[in-house]
Amino acid sequence: LHKGKQASKKSLVRGSSSAKDVLNVKKNMVGRDDQRKRLLEDLTRRSSGELKVIPILGMGGIGKTTLAKEVYNDVSIRSHFDVRAWATVSSHHNVKEILLSLLRSRMGDTFYMEDEAELADMLQKSLKSRRYLIVMDDMWSSKAWDDVRQCFPSENNESRVLLTTRDTDVACYAGTENFSLQMSFMDPYESWNLFKSAAFANEELPSEYEIIGKQIVDKCQGLPLTIVVVAGLLSKSERTIEDWENVAQD
């Protein structure tokens, strides 16, 4: 039995051509429609006053970046904002790289400049008098926000900054009051629908896989990233009941 498990795991890895294939599985936001709708409303609703900063708060793997990407690319967002720009911040943030990422969103990948102060000045000027949406993805510290916040003009033109973070203190520090979005674990129904869509795409789920599939989903504990990665591996395997049973037991 132990050897069978090892062989099964090898077939799963062999069936998946690369880790990149797994991560490229379509990560649709099954079960997140209400949060997506609320976020779109917060980003586009008319408001007066200064720049609004909207944190998406939740633990790693909960789907913060996926949700941010979905709204960032939504047709209503594209038409509402004059300028959109995206930067990934990460735990060891680099101010120059953040500024370059935002400017490259505007000017293309070939853009480069050495001086950090010049980059900050150029970014601020490019946003001046325009309605903009900035996404700061994966922000780990309040200092990261302080290091770039002066680049974002605060004018009465309904601009927004959307930031994703797993840190409650960062969300409270940077966010505009009453604009934070807390992402929770998926419930069993949402988890199962996401698993099915990732593992079987447009195919119909064979009934004999449902019981085992739900056991696998339970072990993912409502984390969308875990569900998508496991489902992606299974979708690339030879798809045998034995493989699924071994995954459910591990």
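Where is the place of Glu 158? In this predicted model, Glu 158 sits in the loop that runs between helix H8 (142-148) and strand E4 (160-165).

Ser 90 is another residue to look at here. Its phi is positive too, at about 75 degrees, and Ser 90 is not a glycine either. Ser 90 belongs to strand E2, which covers residues 83-90.

Next comes a lysine. Lys 96 is part of helix H6 (residues 95-107). Its relative accessibility is 18%, so Lys 96 counts as buried. What does Lys 96 touch, leaving aside residues up to four places away in sequence? The list is made up of Tyr 112, Met 113, Glu 114, Glu 116 and Leu 119.

Now for a pair of helices. Two packed helices are described by the angle between their axes and the distance between the axes. For helix H10 (residues 188-200) and helix H12 (residues 224-236), the axes come within 8 Å and cross at roughly 35 degrees. The crossing of H10 past H12 is right-handed. On the H10 side, the residues that meet H12 are Ser 191, Leu 194, Phe 195, Ala 198 and Ala 199. Their partners in H12 are Pro 224, Ile 227, Val 228, Ala 231, Leu 234 and Ser 235. Sorted by class, this contact has nine nonpolar residues, two polar ones and no charged ones.

The buried residues in H12 are Pro 224, Ile 227, Val 228, Val 230, Ala 231, Gly 232 and Leu 234. Among them, Pro 224, Ile 227, Val 228, Ala 231 and Leu 234 also meet H10. An α-helix has 3.6 residues a turn, so residues three or four places apart point the same way.

Finally, the cysteines. A disulfide is a covalent bond between the sulfur atoms of two cysteines. How many disulfides does the count come to? The count is zero. Cys 151 has a relative accessibility of 7% and is therefore classed as buried, whereas Cys 172, at 59%, counts as exposed.

How values were computed. Residues numbered from 1 in each chain as written. Predicted model: local features only at pLDDT ≥ 70, side-chain atom pairs only at ≥ 80, totals over all residues. Heavy atoms only, no water. Axes fitted to C-alpha atoms, helices over the stretch in contact; angles between N-to-C directions. Helix = DSSP H or I, 4+ residues; strand = E, 2+ residues; numbered from the N terminus. Left-handed = near helix turned anticlockwise from the far one by under 90°. Contact = heavy atoms within 4.5 Å. Nonpolar A, V, L, I, M, F, W, Y, C, P; charged D, E, K, R; others polar. Buried < 20%, exposed > 50% of the residue type's maximum accessible area, 1.4 Å probe, protein only. Disulfide = S-S within 2.5 Å.
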